[in-house]
Amino acid sequence: MNIHNKFTTIIIIILTLSIFTTLTTSFPHFFPNISSIPPSLIPNTTSGAWDSFNKLSGCRPGQKLEGIAKLKNYFHYFGYIGNFTGNFTDDFDDVLESAVKNYQRNFNLNATGELDESTVKQILKPRCGVPDIVNGSSTMNSGKAASIEGTVAHYSFFPGRPQWPPRRRNLTYAFEPQNQLSTDVKLVFANAFARWSEWTPLTFTETSNYRASDLKIGFYSGDHGDGEPFDGVLGTLAHAFAPPAGLLHLDIDETWIINDVMASGSSSAMDLESVAVHEIGHLLGLGHSSVENAIMFPTISSGVRKVELDRDDVEGIQVLYGTNPDGNGTTGPSFGEREVNGGTRGILGLVQVLFLAIGLILYVF
Ligand SMILES: [Zn+2]
Ligand SMILES: [Zn+2]
């Protein structure tokens with residue numbers, strides 16, 4: 001074997017070992033009832049609850065196609081089709097066209113009323129189960145007139161603007177005892193609560209008294225008794241109820257990641273803290289926002305971490321509760337250091353590995 005072949009072999013071995021170690025050691029899948037499942041047993045599924053909508057891409061008003069009825073159910077569930085009893089048909093009718101247009105406005109897409117590629121792509125994304133339009137009253141973009149300056153706020157509230165009353169600023173939270181959550185998982189929620197208390201007079205304290213706590217957090221599967229069943233992997237991820245209900249439910253069937261979602265290696269990995277921060281916004285009275293960077297935007301892709309409040313979230317929550325009296329001002333978060341996506345981390349890791357490999361070779365020879 002000549003020296004070049006030796007070099008190549010060593011580099012390949014080091015790279016393989018590094019990648020293998022990364023995959024096996026940073027795989028902190030979280031399953032609420034079972035503290036440790038070997039990574040090899042974890043399903044790496046790509047099939048989501050709404051994958052069948054893919055085949056509707058390109059569909060337009062006037063057409064009839066199998067699967068349209070299911071899509072109407074989807075729009076009905078999220079508030080875009082109201083007051084309907086009975087079975088939906090597979091006709092792309094006026095009702096669906098209007099729903100699609102409202103949806104497109106809310107998600108900053110061209111309001112064509114057709115199921116173009118970008119619209120279907122958005123529909124397929126995993127999301128919060130709370131409707132975008134509650135009781136027919138429009139929230140997000142579709143219900144708001146654009147201001148002249150284009151500075152219209154995009155945060156929203158539930159109808160009637162329910163909120164925790166002034167005498168209740170120090171809220172307690174507790175976890176569904178049956179889930180037997182680990183300290184690590186509880187810490188994720190503590191961090192998520194802290195992101196809201198930073199900008200408001202609200203405080204959040206964990207209590208072991210589940211029944212008496214203001215906010216109750218639990219992981220559930222499928223139909224769990226509140227009329228809002230979960231749908232398995234992806235699709236709806238979680239939901240929470242407006243004040244003073246205080247209920248935050250998460251889909252037990254998701255692959256929840258509590259540590260490093262980017263390195264999880266699963267295509268259905270959802271970052272627990274990102275979803276928790278969003279749902280806490282609902283517990284406090286915020287509805288959905290059409291600002292894509294906002295925590296209260298309804299969808300989040302797998303493998304993405306988005307935990308920092310956006311200015312839009314801060315403005316919305318401060319309308320309800322005011323600013324944090326112990327805070328350092330009212331200007332809202334600095335928006336330069338967002339922790340949104342992990343695209344660069346993987347590349348940085350690879351560069352690190354290469355440098356290590358080269359260093360080792362130089363040392364050996
Ligand atoms: Zn939501
Ligand atoms: Zn529920």
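Me: What do the buried residues of helix 2 pack against?

Reply: They pack against helix 3 (94-106). Contact here means that the C-beta atoms of two residues, placed from the backbone, lie within 7 Å. Helices (H or I, at least four residues) and strands (E, at least two) are DSSP runs numbered from the N terminus. Please keep in mind that this is a predicted model, in which local features need pLDDT of at least 70, side-chain atom pairs count only at pLDDT 80 or more, and totals for chains, interfaces and linings use all residues. Residues are numbered from 1 along each chain as its sequence is written, while chains are lettered from A and ligands numbered from 1 in the order in which they are written.

Me: How do you know that the buried residues of helix 2 line one face of the helix?

Reply: A residue is buried if 20 or more other C-beta atoms lie within 10 Å of its own, exposed if 12 or fewer, and partly exposed in between, with C-beta atoms placed from the backbone. In helix 2 (residues 68-77), Ile68, Leu71, Lys72 and Phe75 are buried. Seen down the helix axis, these buried residues fall within an arc of 105°, so they line one face of helix 2. The arc is taken over the directions from the helix axis to the C-beta atoms.

Me: Why is Ser137 called partly exposed?

Reply: Ser137 has 14 other C-beta atoms within 10 Å, so it is partly exposed. Ser137 belongs to the loop between helix 4 (117-124) and strand 2. In space it lies 9.0 Å from Gly79, C-alpha to C-alpha, although the two are 58 residues apart in sequence. Gly79 follows helix 2 and has a positive phi, near 95°.

Me: What makes the crossover from strand 2 to strand 3 a β-α-β one, and is it left- or right-handed?

Reply: Strand 2 (residues 170-175) and strand 3 (residues 203-206) run parallel and are joined by four bridges. Between them the chain passes through helix 5 (residues 183-197), and this β-α-β crossover is right-handed. That name applies if, with the strands pointing away from the viewer, the path from the first strand over the helix to the second runs clockwise. Within this strand pair, Thr172 stands opposite Thr205.

Me: How do you know that the span of helix 5 agrees with what its residues should give?

Reply: The expected span is 1.5 Å times one less than the number of residues. For the 15 residues of helix 5 that should be 21 Å, and the end C-alpha atoms are 21 Å apart, so the two agree.

Me: Which residues of helix 5 are buried, and which are exposed?

Reply: Val185, Val188, Phe189, Ala192, Phe193 and Trp196 are buried. They fall within an arc of 130° seen down the axis, so they line one face of helix 5. Thr183 and Ala194, on the other side of helix 5, are exposed.

Me: What makes strand 3 and strand 5 the edge strands?

Reply: Two strands pair if DSSP finds at least two bridges between them. The open sheet has five strands in the order 3-2-4-6-5, with mixed pairing. Strand 3 and strand 5 (238-240) each pair on one side only, which puts them at the edges. Neighbouring strands are turned by 20° against each other on average, direction ignored. For such angles, axes are lines fitted to C-alpha atoms, for helices over the stretch in contact, and angles run from 0 to 180 degrees between N-to-C directions.

Me: Which strands do helix 5 and helix 6 touch?

Reply: Helix 5 touches strand 2, strand 3 and strand 4, and its direction makes about 165° with that of strand 3. Helix 6 (residues 272-284) touches strand 4, strand 5 and strand 6, at about 25° to strand 5.

Me: What makes strand 6 mostly covered?

Reply: Four of its five residues are buried.
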